Amino acid sequence: MSDNNIHFTLKDQLKKYRHLFQKHFQTEHFPAGTTFNINGFAASHPYFLLSGTVYVYTTSISGQERLIGIHERNTIFNLDSFRKKTEATVTTRAQTNVSTLSFTLDDLDPLLREEPDLYRDLLLYTADVLRLMCYDATEQSVHNVRTRLINFFLLYIKDRDTPVVPLSQERLAAAINASRVQVARVCSDLKKEGLILTGKRQITIPSREALARSTRHS
């Protein structure tokens, strides 16, 4: 299982600076489905996410997108946009309607003068994002689909009040770099073992502890 400091869903890490960003930047609203960055194309700029959910994808050579992380309120996405005239390394897309504050690296200067602690907290936040990316790379080296899927479930529900993974088998397969048939087979086995409950486009985990223990036998 992942380290306790790794979070698949990034949320509220920069909550203390929400009003600071709102003071300096204008709120923008985007509908669900809006794409902010596309892997391999010119990066736009960073956004402070006020509300809503943004999914982060990596893209394979064949063009298949794989979900690698989620941004929710009081976080910054499109971090690679801090570098000017560069290509985006990930695709970011609004899963729901979102409200954001857009800015550039240069725009941060007055905020940093006003709140010097923002230097440190941005560094720590960037480290959280990098840890998630490193975790994802490590997971992809695990050849056992069952282990990858269980670890994905555990990481996904880690920061959530309800242990529900609202993703279809197609989305799960893309997230762990497996086929839908493989995911369906593993889900069927886990359901028979009482480790998950399946519903329409969602998985419920009755016991996080039992699911975590099962990885020892994966």
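**Close-up 1. Val165 stands opposite Ile203 in strand S12.** Strands here are DSSP E runs of at least two residues, helices are H or I runs of at least four, and both are numbered from the N terminus. This is a predicted model, where local features need pLDDT of at least 70, side-chain atom pairs count only at pLDDT 80 or more, and totals for chains, interfaces and linings use all residues. Residues are numbered from 1 along each chain as its sequence is written, and side-chain values use heavy atoms, with hydrogens and water left out. S10 pairs with S12 (residues 202-204) in the antiparallel sense over 2 bridges; pairing requires at least two DSSP bridges between two strands.

**Close-up 2. Helix H3 (residues 117-139) meets helix H4 (residues 145-157).** Their axes, lines fitted to C-alpha atoms over the stretch in contact, come within 11 Å and cross at roughly 160°, on a scale from 0 to 180 degrees between N-to-C directions. H3 and H4 are therefore roughly antiparallel (over 145 degrees). Leu132, Tyr135 and Glu139 in H3 meet Thr147, Arg148, Asn151 and Leu155 in H4.

**Close-up 3. Leu50 sits in strand S4 (residues 47-51).** At 5% relative accessibility, Leu50 counts as buried (under 20% relative accessible area, 1.4 Å probe, protein chains only). Leaving aside neighbours within four places in sequence, the contacts of Leu50 include Arg18, Gln22, Thr27 and Arg73, where contact means heavy atoms within 4.5 Å. The C-alpha atoms of Leu50 and His29 are separated by 9.7 Å.

Definitions and conventions. Parallel < 35°, antiparallel > 145°, perpendicular 65-115°, else oblique. Buried < 20%, exposed > 50% of the residue type's maximum accessible area, 1.4 Å probe, protein only.
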